[in-house]
Amino acid sequence: MSDRPVAGDVVMTEPASARLERAPVLEVRGISKRFGAVRALHDVSFALYPGEVAGLIGDNGAGKSTLVNIIAGSLQPDSGQIFVDGVERHFESAAQARAAGIETVFQYLSLVPTLDMAENVFLNREIFAFGQLGRWLRWMDKAEMRRQTSEGFSRLGLTLPSPRTKVAALSGGQRQAVAIARAVIWGGHIVVLDEPAAALGVKQTEIVLSFIERLRAHGVACIFISHNMEHVMRVADRIILMRLGEKIFDAPAATTTAPDLVALMTGAISARTV
Ligand SMILES: Nc1ncnc2c1ncn2[C@@H]1O[C@H](COP(=O)(O)OP(=O)(O)OP(=O)(O)O)[C@@H](O)[C@H]1O
Ligand SMILES: [Mg+2]
């Protein structure tokens with residue numbers, strides 16, 4: 001459990017010393033990645049602490065997705081190191097990163113619309129009835145999967161329809177909530193969200209943003225990529241700004257403003273002037 005503020009609380013800026021006293025849950029050091037002649041990332045380092053939401057911003061092609069794909073194991077860096085809970089890791093696949101507690105939620109989530117919510121939460125991690133025989137015959141223990149799903153949702157304070165509801169019948173925002181909840185139910189303590197609210201309506205976006213705030217209250221660390229400054233300024237504790245593959249700004253959100261960040265992003269001003 002964490003004592004991080006939740007929506008509605010007065011958010012106080014934490015002194016830098018308090019941040020340094022804790023150990024980062026994720027640290028990347030000197031990550032570089034090229035795609036042929038394109039230098040997608042150059043020597044990127046940052047640290048993420050438990051219960052911290054980092055807003056990862058930058059113009060199109062700045063390297064944001066490449067960076068999170070490397071963290072999530074779907075791409076491998078040319079050089080650099082990744083530490084999870086202080087231990088250096090080399091992810092060769094997204095499955096290996098997931099096993100280390102890093103879950104990724106993309107705009108078009110890896111949910112199967114024709115399956116119900118519980119089946120989606122347990123996708124590739126099904127519980128089978130009747131032991132080995134059940135596993136072999138793929139007899140799923142749906143009652144237990146639904147029970148654990150409901151329990152997980154209520155633990156996160158999520159009110160969603162019955163776990164029997166097919167994902168096809170959920171709204172975009174509710175689908176996002178299922179995808180994020182799945183990440184947390186499976187013990188993800190680092191959640192990466194690449195443009196989770198793009199193409200969502202106002203109400204659905206609200207569900208996603210308040211859910212990120214709830215994840216933070218549970219001590220989960222998040223990396224939130226968005227082009228929407230208002231969303232970023234609302235949920236991020238810290239802003240990491242990328243430009244042409246390099247990290248050019250990394251500071252508490254309270255110390256900056258959206259217009260300054262936009263000016264930095266477009267190169268209108270340099271990081272030294274902020
Ligand atoms: N698989 C790939 N092959 C070749 N080049 C790539 C590949 N993936 C990304 N790039 C290039 O790397 C650079 C960084 O791309 P990336 O997708 O990380 O940017 P981004 O910050 O996520 O942008 P956006 O905001 O548009 O999503 C771009 O120049 C892009 O064209
Ligand atoms: Mg991207």
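Colleague: Where is alanine 263 found?
Modeller: This is a predicted model. In it, alanine 263 is found in helix α10, residues 258-266.

Colleague: Is alanine 263 buried or exposed?
Modeller: Buried, because its relative accessibility is 16% and the cut-off for buried is under 20%.

Colleague: And what is alanine 263 in contact with, leaving aside neighbours within four places in sequence?
Modeller: Ala268 and Ile269.

Colleague: Other topic. How do the axes of α7 and α8 cross?
Modeller: The axes of α7 (residues 172-185) and α8 (residues 202-217) come within 7 Å and cross at roughly 20°. The two helices are therefore roughly parallel to each other, and their crossing is right-handed.

Colleague: Which residues in α7 and α8 meet?
Modeller: From α7, Gly172, Gly173, Gln176, Ala177, Ile180, Ala181 and Val184. They meet Gln204, Ile207, Val208, Phe211 and Leu215 of α8. That contact divides into eight nonpolar residues, four polar and no charged.

Colleague: Now serine 226. Which loop is it found in?
Modeller: Serine 226 is in the loop between β8 (221-225) and α9 (229-235).

Colleague: Why does serine 226 count as buried?
Modeller: Because its relative accessibility is 6%, with buried meaning under 20%.

Colleague: What lies 2.9 Å from a polar atom of its side chain?
Modeller: The backbone nitrogen of asparagine 228.

Colleague: And what does serine 226 touch, not counting residues up to four places away in sequence?
Modeller: Serine 226 touches Leu56, Ile57, Glu195, His231 and Val232.

Terms used: Residues numbered from 1 in each chain as written. Chains lettered and ligands numbered in written order. Predicted model: local features only at pLDDT ≥ 70, side-chain atom pairs only at ≥ 80, totals over all residues. Heavy atoms only, no water. Helix = DSSP H or I, 4+ residues; strand = E, 2+ residues; numbered from the N terminus. Buried < 20%, exposed > 50% of the residue type's maximum accessible area, 1.4 Å probe, protein only. Polar contact = N/O pair within 3.5 Å; in protein donor to acceptor, adjacent residues only side chain to side chain. Contact = heavy atoms within 4.5 Å. Axes fitted to C-alpha atoms, helices over the stretch in contact; angles between N-to-C directions. Parallel < 35°, antiparallel > 145°, perpendicular 65-115°, else oblique. Left-handed = near helix turned anticlockwise from the far one by under 90°. Nonpolar A, V, L, I, M, F, W, Y, C, P; charged D, E, K, R; others polar.
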